[in-house]
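Q: Let's go through this one together. Could you show me the structure and tell me how to read it?

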Amino acid sequence: MDSSEQGSSVSSTDVASGGNLPPGLTEEEAEEMQVELTKVEDEIQTLRQVLVAKERHAAELKRRLGISPLSEIKQNFTKGWHEVQCSNAYLTASSTLEEIGRSNAYKRTQETLSQAGHMTSAAFSSMGSTIRNQFGEMSSNFSMHHSLSMPAMRNSPSFKTFEDKVENMKDKVMGRSNGESDHSPTSNNTPF
């Protein structure tokens, strides 16, 4: 008995034992459909086996050609990126960004930010010079012996001024805690 005969004998038993045929189908039509279903399922199984064999063969060919999974990923990524660059959405977004880059508002904003950057850089440079000068004054006012003595440095007018400015800057950056206000004479000084 070949597989189609076996399938039909099994299916006729199944249909006969179930006794429930869908409406409008005769027992003979149900048997034919069951035989056809068995053939289709066999074909599907054969195709799966062929596909697995083809995938193995392709993998072996790739291995022999030196094509690694990583190079495949790179190739797929490159192809995908090329497709993105050719897409309408990407081309539209690119042209919109180019138009924005040529607009007067963008150019003014860019100039303003550039000027702000230069001003900030100049302010930090000035602050660095002021600190360097303050330390220079402190070191020139004391001999080597005195400069090693921290209490002597702390009592100098230059150090006091520097300390007050740093404290003011810290207060402005950190904010006063608990809403306290400092009524000391140095609290009104602006840093540097």
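A: Start with contacts: a contact means heavy atoms within 4.5 Å. In this protein chain, among contacts between residues at least 6 apart in sequence, 27% join residues at least 24 apart. Keep in mind that this is a predicted model, where local features need pLDDT of at least 70, side-chain atom pairs count only at pLDDT 80 or more, and totals for chains, interfaces and linings use all residues. Residues are numbered from 1 along each chain as its sequence is written, and side-chain values use heavy atoms, with hydrogens and water left out.

Q: How many helices and strands does the protein chain have?

A: Those are DSSP runs numbered from the N terminus: helices are H or I with at least four residues, strands E with at least two. Here you get eight helices and zero strands.

Q: What percentage of the 192 residues count as buried?

A: Buried means under 20% relative accessible area, exposed over 50%, partly exposed in between (1.4 Å probe, protein chains only). Of the 192 residues, 7% are buried. Helix α3 (residues 69-86) is hardly covered, with a buried count of zero among its 18 residues.

Q: How many aromatic pairs are there?

A: Rings of Phe, Tyr and Trp (its six-membered ring) pair if their centres lie within 6.5 Å; planes under 30 degrees apart are stacked, over 60 edge-to-face, the rest tilted. That rule gives one aromatic pair. The rings of W81 and Y90 have centres 5.9 Å apart and planes at 75°, so the pair is edge-to-face. W81 is partly exposed at 42% relative accessible area, and Y90 is partly exposed at 31%.
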